[in-house]
Each structure stands twice: as C-alpha cells, then as structure tokens.
Amino acid sequence: MTARGFVTTSAYVLEHNKRRLLILFGLLAIILFFYGIRSVFEGLAALVGQVPTLLITLVFYAFAFIAQFGALMWFLSRPRTYTVTPDDPQIGLSFDDYRGQPDLVDHAKTLVRILGGVERFKQAGGEMPKGMLLSGQPGTGKTFLAGVIAAEAKLPFIYIDASSLRSMWMGVDALIIMSLFGRGRKLARKYAKPGTPGACILFMDELDSIGMSRGGVQGAGGQTQGGMGGMGMFGGVGMGLNTLLNQMDSLNAHVEDRMKMKMARWLGLVRGPVPPKPLVFVIGATNRPDVLDTALTRPGRLDRSLIVYPPDGEGRKDIIRHYLGQKAHDQTTDVDMMAQDSIGWTPIHIKTIINEALIVAHEDGREMLSYKDWLAAADMRFLGLKQPIHKMSEDDKRAVAYHEAGHAVVTRYLKPEDRMQKASIVRRGETLGVVSRSEREERHQVHARQIEADIMIALGSRAVEEIILGTKLAGASSDLQNATSRALMYVAMLGMGSTLLVAPVSMGGYPPQVITLADKMLQYLFEETKRLIHEKEYAVHAVAAALIQRQELIGSELDEVFAYADEANPDKAAPFVRRPLVLPTLDELAQNGSGNGHLVPLALPGAVAQPVPGQPGPGQPPVPGPYPPVPGPVPPIGGGGERT
C-alpha cells in the first residue's frame, strides 16, 4: 500500500506540474539554441563567481533600509506581550485564589474543561467557543480571572495590552494581530494533546482601545478609518479591528496558513481539505462594553459575555476573610461590620484597604490591625489623610460641629435602618468634617422615598445653619450640589415626580419644566427637613457637643449619644413622621406659570402615604417594577465646610 501510494502521489505531482515543467524545458532549450552549451556554462560560472559580491551588496542595502525604517517601526510599534507555556508556568494562581464570585469560578472551570479537549463534549458534537468578553467596572477582577483561567487551563497563554496595538505606522497594527494569531496557532500545535488540534488563549486587556465601533464620530466613542499621511505611512487607525475580526471568524479558519504547507500544496504534495486548525481563544476585557463594535461581539466571536459585578455581601465576607488571613489582625475584628462598610466595593478596594489598615496599625506601634484601623484606612483612601487644624477658632469649630450634627440627626431619624459609621470634625482632604453611613443590608432596588430621604440628609446641614446658627455657610455647597443632582434624577430620569415623562440632560441642558419641578421638590423637602430639625433640636445639640469635645465619634459612640438624648427628652423622642411629597403636574405648571405644588398633610382625606423602604404601604403590595440598582456605597456627607 505504501509503494502504491508513493507511485500514485508521484504520478499526481508530475501531472499537476506538467505545464510548469514544459515551460521550464522550453526556456532551457531556447537559451541553449541561441547561446550554445559552452556559452551558457561560462555565463553560469561567471554568475556564480559574482554571487558573493552581489549578496554582500544586497545584504548591505537591505540592512541599511531596515535600519532606517524597519527598526524604527518595530521600536515604536512593538506590543507589550507576555507568553506563558505549560512547561514554563509563571502565573502562580488557582481557582481558590479567586474569591467572592463562585458563579464566575464555576463558569471558568467549565470553560477550562472544554478548552482542554473534553472527549465527551466532542463526541456530543460540541464546537469550541471562539471567544469571551469580560466587562465590568474597574477593579472587579477581570484581568485576575483571566490569569486564573490561564494558570488552570494548562494551555499556552498570550497576554497583550490592546492599547499597544495602536500604531502610528499605517498597517502595523494589522501585522501585529496577524503575528499574534500565527504565534498562538504555533504554540497550540506545539502543546496539543495527541489527537487534538490544540488551543491557545489570547487575552487582550483594555479591548475598547482597538475594538470601538467603526465609522462613528470620534467624540461619540467611534473610530474612523484613517488614511495615509504625507509619507504614505502615517495616520492609519482602525485596521487592527478589521484584522482581528477576520482572524477570529472567516474563511481563513478553513484554508492553510503555514508556509511550508502552502508550498506543499502548490507542488501538489498535499491535497484535500485542511485538517481542523488550532483554536486561538480570545478573551477580551473592557470597562466600556457599550462602545465595542457589534461585529466583535456577535455570535461566533466574543459571544460569551460575562459581566463581572462587585461582590455581594457573602462574596465580600469571603474576600475579607481571605485577605485578613494573610495579615496579622485582631481576632475581635468584626467581618460582618466590615462587609457592611464595603457595600459596592470591588475586590481590589477591599484588598488595598486591609493592607492600608495594617500600615495604620504599624504607624501606631501595633503589630495587628483592628476594626478602627479598617475605618481609618477607608477614610484615608476615600476622603484623604487626617490633617487636624490645631488653631481653629471656637466659632468655626462650633459651626462645623453643628453642620455635621445636622447630617447625623436627619440620618438617624429618617433612615434608622442604616448604620452610621462615623461623624468627624477633623479635616480630611477637602472637607473639614464628615458623616459616613452604610446600609445594614444590601439593597438592589431604590424607592422614591429613599431618594427623598437622601436629599433631606444632604439638606440637613443647611437647615441647622438657618435654624440654630442663624446663618448660611459656604461649606454646604457640595451638599446642595448632591441634593440638586438627586432631585434632577428623580424628576427627569426616573419618572418618580408628577410625570412619567423622562427628559435626560441634553446638549442644551434640562428643559425648564424639569428645573422648575426639581426646584419645587427641593423647597418642599427643605421645609420638611427644617421641621425635623425643630422636633429633634435636642439631639442636634447633643451630637454637636460630643463632636466639639471628642472630635470624632464612631458608630457605637453615636448610638450612645442619641440614646442618652432620647432618654433625656422622652416627650420629643417619638419617631419622626414624614409628610408625602406631591409635586405639581406639567399642566399646573403651564397654567400657573411657576406651579403651586404643596406638601399634603397627613390628616388630609384621601392622602396615600408612600411605602417605607422595604415595607408595603397600608393594604398595598410591595412596590413592583425595576429600579436602578444602588450605585455603589453610600457616599459620605461632607461638610462643615468644604474649603471654597
């Protein structure tokens, strides 16, 4: 059979190259006819004698040209790539190192098994996926997850920063991408298991730097196809994306790409369909999936999309325990409290602040971190370094203390379900004081009443200034900005006001009716805030006095101050009852010019109280419908004066 196959192949090669052989023999016959055999051989001998000199000259000019252009292009356009192979493991990670997201780990394990060549999957007719997109806000662990997949898959892994593919030279980005895929297929063949085509993982970080939508306006997030510059080599962008799309899914998956095999097919030594080519599995990571080209995320390319969210409560506890286990810490450190403090934080936030807490403890002469060090580290990270003003006047200190007391009191009686972490009148960053709070339980829905309460908390400082201090402080500017932005979102984007019409901000700003509604809302809620301050003035004095005396109060100390104040004023310690907010309709605004909205008193017949967050109103089911998720941790209320 071997001899027959050799004869058959030889006959096919001769038949396949018959025309080329006839042309070659014809050229030789013509040369011999005109020049003669002796002249031809003398010419060949002379040519052979000049070959060394000719080669040296050609090599010199080639290297001179490369030195002028090729080396410069390579130096300016070289990508930052890192290659890890199964026989040289460099990434010391495992699935156990990825904490807080068990669902993502399970999905990654499934992907690793499939890429590793599960025989049962192949027998069932399964096809290898081509790519996966990891998206999510910065710090959620997208790159870390890709590193874990690379370490566990036991496959060749190529890492590249996609921004390094943007070249100033026309077409170099396309050449780099073709080279990357060629290198990936070569590595996949080298480390392929017997009987499998092999696979290689290509991880492209910051994918949006080359994957933005084509043909759009630059300012809108798109990228245009650049042309050639004055020298014919400058100004080209956007070619890399086209090449990436072509390499991931096109006819090149079915045609030969190796030069030696192309030559063998040209000579007829190899025939028939191309065997299955190795898989270059692309993992892209981005913080902006909305700007990616639709051709890049369509089925068959980066069609496996994973959104990496910040961890939930149980995930944060797992992450905190993991990193605390690597640090010397006080055994009384409350992980549950730390998980409450870190709502909305990413894993890198948690890791960094735990390390920062150990630095705080070390500076204080202690070898183990505590919960107070955790709070101090969080304040340092988000607010700035503690820098007390040692010669602040008594009037300024009193003003700052009452400013922060206003925030604390409104928070206490409007949102008792939240936990106050700290109240301080020590300067940090740009603030002279701050009140920090967090939710006891994570919320994934936001009710209108919660936004109204947040606005009243922001307005609490100005209410105290007017009622108790008899003045207005410039330090309330950031509080008013916070309240204004929430009011505009309430009436213009969430449809929670008197109209369901959504009118987000545009180039010309908000419509006048929206601004009027937001202004009315702020007026009504400010009147309610002042009513609360009037009722709980005793608590304002108590918190302000404690702040003046002790500078800082953590959550448990604040709870004690409020408890003592309520015990000393039992007749005023009843829960504060808010009046529901009613805004004028657009028709009323049009008829009355400015609108005559009002707060509906509780005693009015027919008034329907809005439900308390998390609880239905009287005889009402829980508030249905999707609401925007809570946007990260509750921001600290600053004040007392932010420096102006």
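1. Confidence along the chain. The mean pLDDT is 81, and 85% of the residues reach 70 or more. Among the elements of the chain, helix α15 (residues 448-469) has the highest mean pLDDT, at 94, whereas strand β11 (residues 598-599) has the lowest, at 41. Over residues 595-633 the pLDDT is below 50, although this stretch has 64 contacts in the model beyond near neighbours in sequence. Residues 216-222 also stay under 50, with 11 contacts beyond four places in sequence. Where pLDDT is low, the predicted coordinates should not be read in detail, and I would apply that caution to the contacts of residues 595-633 and of residues 216-222.

2. Overall make-up. The chain contains 20 helices and 12 strands, and of its 644 residues 43% are buried. Of the contacts in the chain with a separation of 6 or more, 76% are between residues 24 or more positions apart. The accessible surface comes to about 34400 Å², and carbon and sulfur atoms account for 60% of that area.

3. The six-stranded sheet. Six strands form an open sheet in the order β1-β3-β4-β5-β2-β6, and the pairing is mixed. The edges are taken by β1 (81-84) and β6 (304-307), each of which has a single partner strand, so one side of each is left without a neighbour in the sheet. On average, neighbouring strands of this sheet are turned by 15 degrees against each other when direction is ignored.

4. Strands of a sheet pair through backbone hydrogen bonds, either parallel or antiparallel. Here β1 and β3 are paired in the antiparallel sense over four bridges, and T81 has I160 in β3 as its bridge partner. On passing to the next pair, β3 and β4 run parallel and are joined by five bridges, with I158 partnered by L202 in β4. Four of the five residues of β3 are buried, so this strand is largely enclosed by the rest of the structure.

5. Burial of β5. All eight residues of strand β5 (residues 279-286) are buried, so the strand is largely enclosed by the rest of the structure. In a regular strand the side chains alternate between the two faces of the sheet. In β5, L279, F281, I283 and A285 point one way, whereas V280, V282, G284 and T286 point the other way, and burial extends to all of them.

6. Helix α5 (residues 142-153) lies across β2, β3 (157-161), β4 and β5, and runs at about 165 degrees to β4.

7. R316. This arginine is found in helix α10 (residues 313-324). With under 20% relative accessible area as the cut-off for burial, R316 counts as buried because its value is 2%. Its side chain reaches the backbone oxygen of P311 at 3.1 Å. Beyond its neighbours within four places in sequence, R316 is in contact with P311, A339, S342, I343, G344, I350 and E442.

8. R486. Helix α16 (residues 477-492) contains R486. By the same criterion R486 is also buried, with a relative accessible area of 17%. The side chains of R486 and N482 are joined by a polar contact of 3.0 Å.

Notes. Residues are numbered from 1 along each chain as its sequence is written. This is a predicted model: local features need pLDDT of at least 70, side-chain atom pairs count only at pLDDT 80 or more; totals for chains, interfaces and linings use all residues. Side-chain values use heavy atoms; hydrogens and water are left out. pLDDT is the predictor's confidence in each residue, from 0 to 100. Helices (H or I, at least four residues) and strands (E, at least two) are DSSP runs, numbered from the N terminus. Contact means heavy atoms within 4.5 Å. Buried means under 20% relative accessible area, exposed over 50%, partly exposed in between (1.4 Å probe, protein chains only). A polar contact is a pair of N or O atoms within 3.5 Å; within protein, one must be able to donate a hydrogen and the other to accept it, and residues adjacent in sequence count only if both atoms are side-chain atoms. Two strands pair if DSSP finds at least two bridges between them. Axes are lines fitted to C-alpha atoms, for helices over the stretch in contact, and angles run from 0 to 180 degrees between N-to-C directions. Accessible areas come from the Shrake-Rupley method with a 1.4 Å probe; for residues, only the protein chains shown count as cover.
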